[in-house]
Amino acid sequence: IFQTYRGRTYARALPAIFHYPGTKKQQDCQALFFDIQRVWLPIYVELSKSIAPMQRKNKNPFNKLTSAVYHIFNPYERKKYKKLPQNWGLDPDNRIRANIVSPDIRIDAEKVTLSFYMQRPTIGVSVAISETLILLFNQRQQNMYYVSIPLQGDYNLVDFKNTNNWELDDDICAYVALAGRDWLGNFNLVPL
């Protein structure tokens, strides 16, 4: 269980007694939750290296980012989560964002390839940005790919090994964020 106390996040062991019903519906619900967490946790650990102390103040970054991941996956098929968020993260003003042009995604049995042009990014706070962070979500399969590449302008080509057997007819969406040692920008939807 993760808790925030005085601006710091702590992990603690689960209480000894739980009263979950052992029904099939409850087990299916928990399975969806744990499958997404299994994929998301290692990604969050990498992202958390860029979260500035100021971005942690009075909020739990793990909970904030994880809630957006669940919104995108919409594992419980809630109508209010049908529409994808345009941006999500720890900056309510979305001050740092990539300017992506002409994105294209290609999928074959071996790899998933995302290509795009990045024009001059919007940077509305004085921090040094050094990385482009890319998250690909497969809503049908309820899994994702993540990569961090050095920030570069112009043409970007990113390959992901297709270890999850993604297919062309899957519901895939892409989000891009910019980050540095002192800041994690919001993830912004890239229209594919």
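Helix α1 carries a kink of about 35° at Trp40, shortly before the proline Pro42, where the bend at a residue is taken as the angle between axes fitted to the seven residues ending there and the seven starting there. Helices here are DSSP runs of H or I with at least four residues, strands are runs of E with at least two, and both are numbered from the N terminus. The model is a predicted one, in which local features need pLDDT of at least 70 and side-chain atom pairs count only at pLDDT 80 or more, whereas totals for chains, interfaces and linings use all residues. Residues are numbered from 1 along each chain as its sequence is written, and side-chain values use heavy atoms, with hydrogens and water left out.

With 25 residues at 1.5 Å a residue, α1 should span 36 Å, and its end C-alpha atoms are 35 Å apart, which agrees; the expected span is 1.5 Å times one less than the number of residues. Trp40 itself is among the buried residues of α1, a list that also includes Gln26, Ile36, Gln37, Val39, Ile43, Tyr44, Leu47 and Ser48. Buried means under 20% relative accessible area, exposed means over 50%, and partly exposed lies in between, with a 1.4 Å probe and protein chains only. The cover over these residues of α1 includes the helices α2 (53-56) and α3 (61-73), together with the strands β6 (131-138), β7 (143-150), β10 (183-184) and β11 (187-190).

Another side of α1 can be followed through Phe33, which is found in this helix, at residues 24-48.

Helix α3, one of the elements covering α1, is largely enclosed by the rest of the structure, because ten of its 13 residues are buried. Those buried residues are Pro61, Phe62, Leu65, Thr66, Ala68, Val69, Tyr70, His71, Ile72 and Phe73. At 1.5 Å a residue the 13 residues of α3 should span 18 Å, and the end C-alpha atoms of α3 are 19 Å apart, which agrees. In the loop between α3 and β3 (87-88) lies Asn74, whose phi is near 45°, a positive value in a residue other than glycine. Asn74 is also buried, with a relative accessible area of 11%.

Strand β6, likewise part of the cover over α1, holds Thr132, which is buried with a relative accessible area of 0%. Leaving aside neighbours within four places in sequence, Thr132 is in contact, meaning heavy atoms within 4.5 Å, with Met118, Val147, Ser148, Ile149, Pro150, Leu151, Val176, Ala177 and Leu178.

The loop between β6 and β7 contains Gln142, which counts as buried at 17% relative accessibility and has a phi near 60°, a positive value in a residue other than glycine. Arg140 has its place in the loop between β6 and β7 as well, but counts as partly exposed at 47% relative accessibility. Not counting residues up to four places away in sequence, Arg140 touches Glu167, Asp170 and Asp171.

With Asp170, the side chain of Arg140 meets in a salt bridge at 2.3 Å, N to O, a salt bridge being a side-chain nitrogen of Lys or Arg within 4 Å of a carboxyl oxygen of Asp or Glu. Because Arg140 lies in the loop between β6 and β7 and Asp170 in the loop between β8 (154-161) and β9 (172-180), the pair ties together parts that are 30 residues apart in sequence. The C-alpha atoms of Arg140 and Asp170 are 6.0 Å apart in space, and Asp170 counts as buried at 7% relative accessibility.

A search of the whole structure finds seven salt bridges. Among them, Asp91 pairs with Arg95, the closest N and O atoms being 3.2 Å apart; Asp91 is buried at 3% relative accessible area, while Arg95 is partly exposed at 27%. The side chains of Asp182 and Arg181 also meet in a salt bridge, at 3.7 Å from N to O, with Asp182 counting as partly exposed at 42% relative accessibility and Arg181 exposed at 69%.
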